[in-house]
Amino acid sequence: QGDPLKVKVNKLTSIKTQLPYSYYSLPFCPPKKIVDSAENLGEVLRGDRIENSPYVFKMREPQMCSVLCRITLDAKAAKQFQEKIDDEYRVNMILDNLPLVVPIRRLDQGSPTVYQLGYHVGLKGQYTGSKEEKFFIHNHLAFTVKYHRDPQTDSARIVGFEVKPYSIKHEYEGKWSENTRLTTCDPHTKHTVVNSNTPQEVEANKEIIFTYDVEYQESDVKWASRWDAYLLMSDDQIHWFSIVNSLMIVLFLSGMVAMIMLRTLYRDISKYNELETQEEAQEETGWKLVHGDVFRPPSNSDLLCVYVGTGIQFLGMVLVTMIFAVFGFLSPSNRGGLMTAMLLLWVFMGIFAGYASSRLYKMFKGTEWKKISLKTACLFPGIVFAIFFVLNALIWGQKSSGAVPFGTMFALVVMWFGISVPLVFVGGYIGFKKPAIEDPVKTNKIPRQIPEQAWYMNPIFSILIGGILPFGAVFIELFFILTSIWLNQFYYIFGFLFLVFIILLITCAEITIVLCYFQLCSEDYLWWWRSYLTSGSSALYLFLYATFYFFTKLEITKLVSGMLYFGYMLIASYAFFVLTGTIGFYACFWFTRLIYSSVK
């Protein structure tokens with residue numbers, strides 16, 4: 001009891017603009033000296049700027065109407081406040097690592113309270129009978145700190161941090177001094193602020209007095225489960241529904257793959273080996289006719305190696321991140337933890353990227369492993385970094401705290417060229433030292449002519465069809481992920497996400513195998529790139545869905561914010577393309593080797 005509690009302020013955020021700003025970019029009451037808390041890599045990239053605040057709380061000692069400070073707005077400050085209120089900015093604060101929330105009671109009884117992260121800077125409205133829109137600022141904050149008491153020691157732990165913001169035009173008598181009593185909010189006369197009936201306008205040359213109350217409530221919530229209220233899951237049902245829906249797709253595809261396997265590996269082959277004696281062997285159509293061409297290296301084989309390597313790097317990163325997340329190491333209470341973990345894992349997975357790309361490269365009779373390793377290390381990160389750099393310049397132009405500072409940018413480049421690139425080379429060296437993968441059948445000297453294909457076997461058509469099912473398997477979960485990123489909510493249902501991810505892997509593999517088999521049966525042996533693009537095309541649907549989401553769910557009006565959204569979604573879709581494409585490619589690679597190795 002009586003211990004000082006440090007309230008920290010975080011960034012101002014808005015769903016409308018997606019541009020965070022630091023708290024003191026608005027002329028709020030500053031402390032004597034603003035101290036910036038140390039942030040981890042993930043927090044900096046997310047735009048978190050955590051600083052100290054002038055609020056003074058003492059544990060379990062309630063306060064009423066404490067005056068924070070009195071400021072008089074000049075025209076510039078008033079305009080800043082009005083802009084932020086217009087864009088629906090919210091103030092985020094932190095007490096003992098818990099974010100500040102505003103409890104919003106639902107209208108229907110019995111339903112749980114919804115928590116909104118952070119309180120709005122202010123609100124717009126009109127006085128009764130007037131058409132003119134005014135801006136009002138929330139200058140009185142009624143904080144509630146919930147604590148869980150330890151019966152043995154009588155000390156307590158903080159388990160909740162809530163606020164109800166009010167806008168009130170404070171009044172006082174006489175001249176203003178340090179200990180002037182407010183007539184509108186006076187603890188001595190038990191006169192407290194309970195509504196915003198006489199709100200405080202934001203206009204130039206008006207004075208604003210900032211005040212706050214702190215009350216303490218004992219709570220039954222244990223410290224270990226204090227995050228549960230924030231992570232209250234609205235609806236389990238829809239996730240189970242989406243998983244059942246995806247499993248149906250998987251079962252259907254698995255059935256098809258099983259049928260193909262049985263046909264090719266048993267019936268076809270026994271028949272084929274019987275026919276060899278007769279002349280009918282020449283009439284035998286389908287995939288066996290192209291056995292002399294199926295393992296002919298594709299055009300642009302270098303690029304394929306690079307993309308497959310990158311995909312393996314990505315797959316490793318996503319898998320390990322998810323396993324950590326499922327075990328609860330990356331919960332939202334660990335701010336920026338997810339981002340930091342993903343970046344570090346990406347860097348260290350470079351060794352697998354180099355290995356995968358140089359193994360494939362050697363199989364294509366390539367000799368310059370250094371060149372392929374360099375391309376693998378630089379192509380995907382280079383493109384992503386370029387887009388990121390442009391977006392960062394845009395955010396920086398808006399003076400937002402979301403802009404990554406030069407130091408962090410430099411740290412990212414050092415991680416890329418100092419750790420990732422050398423590891424790719426190490427992987428490349430190991431992969432190239434291994435003996436090349438042997439083809440199960442010999443490749444003919446002269447390429448065979450590909451017969452005229454039916455319209456539905458047209459590459460573009462079959463590639464576009466291939467992407468629909470993997471996308472269909474994940475799109476409901478995708479909605480929740482987008483909502484958590486762009487509407488400022490916590491995402492933590494990693495268990496569901498992991499299930500969906502496994503379903504995605506299986507779907508990508510199976511749809512590619514099915515389409516690859518149909519393609520080989522119609523004597524078209526150019527399967528290398530097509531297998532990559534078939535499942536990779538689901539990224540196109542991802543981007544289209546992101547566009548649909550932008551126009552239906554988000555209220556972004558600013559050009560810069562729109563560019564940010566589409567820039568980040570482009571990066572996400574590109575990553576998704578590399579991931580799903582690689583899964584499809586490896587599935588098809590395994591399948592072709594399997595069926596051709598049984599043809600003697």
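A residue counts as buried when its relative accessible area is under 20%, and as exposed when that area is over 50%. Values in between count as partly exposed. Cysteine 69, at 17% relative accessibility, is therefore buried. Keep this cut-off in mind, because the report uses it for several residues. The model described here is predicted.

**The chain as a whole**

The protein chain has 600 residues, and 52% of them count as buried. Its secondary structure comprises 13 helices and 13 strands. Along the principal axes, the C-alpha atoms fill a box of roughly 115 × 60 × 50 Å. The chain exposes about 29600 Å². Carbon and sulfur atoms supply 62% of that area.

Charges come next. The chain carries 54 positive and 51 negative side chains. The centres of the two sets lie 5 Å apart.

**The disulfides**

How many disulfides does the structure hold? There are 2. Counting bonded cysteines along the chain, they follow the pattern 1-3, 2-4. The table sets out both links.

| Disulfide | S to S distance | Torsion about the S-S bond |
|---|---|---|
| cysteine 29 to cysteine 69 | 2.0 Å | about -75° |
| cysteine 65 to cysteine 185 | 1.8 Å | -85° |

Start with cysteine 29 and cysteine 69. The torsion of about -75° makes this disulfide left-handed. What does the pair tie together? Cysteine 29 sits in the loop between β1 (4-13) and α1 (41-46), while cysteine 69 belongs to strand β3 (residues 63-72). The pair therefore ties together parts that are 40 residues apart in sequence. Cysteine 29 has 2% relative accessibility, so it is buried. Cysteine 69 is buried as well, at 17%.

Now take cysteine 65 and cysteine 185. At -85° about the S-S bond, this link is left-handed. It connects distant parts of the chain, 120 residues apart. Cysteine 65 lies in strand β3, and cysteine 185 lies in the loop between β12 (156-166) and β13 (207-218). Both cysteine 65 and cysteine 185 are buried.

A disulfide needs two cysteine sulfur atoms within 2.5 Å. Cysteine 508 is buried, because its relative accessibility is 0%. Cysteine 516, at 3%, is buried too.

**Helix α13**

Helix α13 covers residues 559-597, which is 39 residues. At 1.5 Å a residue, the helix should span 57 Å. Its end C-alpha atoms are 56 Å apart, so the two values agree. Is α13 mostly covered or mostly uncovered? It is mostly covered, with 28 of its 39 residues buried. An α-helix has 3.6 residues a turn, so residues three or four places apart point the same way.

**Two positive phi angles**

Arginine 60 has a phi near 55°, a positive value in a residue other than glycine. Arginine 60 is in the loop between β2 (51-58) and β3. Its relative accessibility is 14%, so arginine 60 counts as buried.

Asparagine 97 is not a glycine either, yet its phi is positive, at about 65°. Asparagine 97 lies in the loop between β4 (90-95) and β5 (98-99). Is asparagine 97 buried or partly exposed? At 32% relative accessibility, asparagine 97 counts as partly exposed.

Technical notes. Residues numbered from 1 in each chain as written. Predicted model: local features only at pLDDT ≥ 70, side-chain atom pairs only at ≥ 80, totals over all residues. Heavy atoms only, no water. Helix = DSSP H or I, 4+ residues; strand = E, 2+ residues; numbered from the N terminus. Buried < 20%, exposed > 50% of the residue type's maximum accessible area, 1.4 Å probe, protein only. Areas by Shrake-Rupley, 256 points an atom, 1.4 Å probe, with all protein chains shown as cover. Lys, Arg positive; Asp, Glu negative; His and termini not counted. Charge placed at Lys NZ, Arg CZ, Asp CG, Glu CD. Expected span 1.5 Å × (residues − 1).
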